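Please consult the sequence and the coordinates alongside the text.

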Amino acid sequence: EEALAKLSRSSDAFKAELEAKVHELERERDIIKARLEEASKSAADQSASAVARCAELEKELADVKARSAEAQHSLEALTAKATEAERQAEMHRKAAESAQENYERELQQHAAAASELSSLREKLGTANTEASKLRAELESAQSTLRSRQQTWAEE
């Protein structure tokens, strides 16, 4: 935007300069035409010289107008490029924002999954400990049962 503003100011200054030059050249042309009319009455040499100068001024005026048109075209092209660059920057900003949101959501999901995994491991450890205790109690109960069955069988 700054470059566009600078270019716009530069273009405006150039336009003002060109318009001043155009006005100056037109004024000068008008003066020469007046002198030409006076000179044509007095001498053919002066008339030919004035006509040549008028032609030079006309050519210079045409050149100035052509440069002005080229400058305007360049300004329009740069303005279009700046607008496109702004549009693309906004598109990239939105994509980056979306990626950041996705990353944060996945990070939260990962944290939740890690927490759940830790909780499940703890529960599994508790269940394994409980299963070991129950196996030990079962073996003890089976041993006691065998022992008592043997004792009853002996009696």
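## Basis of the model

The model is predicted: local features need pLDDT of at least 70, side-chain atom pairs count only at pLDDT 80 or more, and totals for chains, interfaces and linings use all residues. Residues are numbered from 1 along each chain as its sequence is written, and side-chain values use heavy atoms, leaving out hydrogens and water.

## Overall form

The chain has two helices and zero strands; these are DSSP runs numbered from the N terminus (helices H or I, at least four residues; strands E, at least two). Its C-alpha atoms fill a box of roughly 165 × 15 × 10 Å along the principal axes.

Of the 155 residues, 10% count as buried. Contacts (heavy atoms within 4.5 Å) between residues at least 6 apart in sequence join residues at least 24 apart in 74% of cases.

## Salt bridges within the helices

A search of the whole structure finds nine salt bridges, each defined as a side-chain nitrogen of Lys or Arg within 4 Å of a carboxyl oxygen of Asp or Glu. In helix α1 (residues 2-42), E24 and R27 lie three residues apart, about one turn of the helix, and their closest N and O atoms are 2.7 Å apart. R27 is partly exposed, with a relative accessible area of 44%.

Helix α2 (residues 44-154) holds E84 and R87, three residues apart, which form a salt bridge at 2.5 Å between the closest N and O atoms. E84 is partly exposed at 31% relative accessibility, as is R87 at 45%. E97 and R93, also in helix α2, are four residues apart and meet at 3.0 Å, N to O. E97 is partly exposed at 41%, and R93 is likewise partly exposed at 41%.

## Network and charge

A network of salt bridges links E28, R53 and E56. The chain carries 24 positive and 32 negative side chains, with the centres of the two sets 1 Å apart. Lys and Arg count as positive and Asp and Glu as negative, without His and the chain ends; each charge is placed at NZ of Lys, CZ of Arg, CG of Asp or CD of Glu.

Terms used:
Buried means under 20% relative accessible area, exposed over 50%, partly exposed in between (1.4 Å probe, protein chains only).
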